[in-house]
Amino acid sequence: MGDADNADYKESNIEIFDTVDEVKVTAIVLAAGKGSRMHSDILKQFMTLGDYPVLYYSLKAFQDSPVDDIILVTGEDYVEYCRNDIVDRYNITKVRKIVTGGAERYDSVHNGLIAADGAKYVLIHDGARPCITQKIITDSIDAVKIYSACTVGVPVKDTIKIVDEDQMGVDTPDRSRLWQVQTPQSFNRELLLTCYDGLAHDKCQVITDDTMIVERYSSVRTKVIMGAYENLKITTPEDLKIASNFLEKDVDTKMVK
């Protein structure tokens, strides 16, 4: 699919969706990743963090939030584990369905979108981001009802260097315009499903998040709202230590209050 085809697709298939105050909001929590950089036989989303599996924290956050329900996406071999050892064990009652993921992240998201029938808006979140806050969730819900597409993120702290294949610097973009994207990423469900229809005709793309899909296959612009530096994704063993410190600090703060 060339650029001209993409332009035609944008014009003919996408509209700006209306906003409604009282509509169903579903969280799609992704827990199907392999996590090869953890160098562990246990998948990162199921590793112990504090007293619970990593995945528990994001599920509990959405359980306590204004979202109406949760779709959990995991690997085929982990559906029963998630149901018995996390969802039922910790009484995460908003989990309406547990579905299997796909070969790529966007395949897992698509499976979650299909399962989120009846939802007007979806919040897509990495199950390996345990430090999500209620403010991030409520801000995302408020923003998606206005913009139809939004993501949380934080301004980058370091200078970013663009390099070539030999790791030689070729450009230094303006740091003031750069944000590190996090999740949840929130969308009008029908908008994102329509964009996924476009992706199905153009599978040879490198897709790392859903804002890229909306940017490529629609004319809708994504609103970036402030997340939190603590909202890190567990990727390496060091991240577990950092997340543990953040969670302990959060518990201490709540006890003081």
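Which residues do ring pairs link into a cluster? I found Y52, Y56, Y57 and Y90.

Notes on the source. The model is predicted, with local features needing pLDDT of at least 70, side-chain atom pairs counting only at pLDDT 80 or more, and totals for chains, interfaces and linings using all residues. Residues are numbered from 1 along each chain as its sequence is written, and side-chain values use heavy atoms, with hydrogens and water left out.

Entry one, the count. I looked up aromatic pairs (Phe, Tyr or six-membered Trp rings with centres within 6.5 Å; planes under 30 degrees apart are stacked, over 60 edge-to-face, the rest tilted). The structure has seven. One of them joins F46 and Y81 edge-to-face, at 5.1 Å between centres and 75° between planes. F46 is in the loop between β1 (25–31) and β2 (48–49), and Y81 is in helix α3 (residues 79–88), 35 residues apart. Helices (H or I, at least four residues) and strands (E, at least two) are DSSP runs, numbered from the N terminus.

Entry two, burial. I used relative accessible area: buried under 20%, exposed over 50%, partly exposed in between (1.4 Å probe, protein chains only). F46 is buried at 8%. Y81 is partly exposed at 29%.

Y52 belongs to strand β3 (residues 52–53), while Y90 is in the loop between α3 and β5 (95–100), 38 residues apart. Y52 is partly exposed at 29%; Y90 is buried at 19%.
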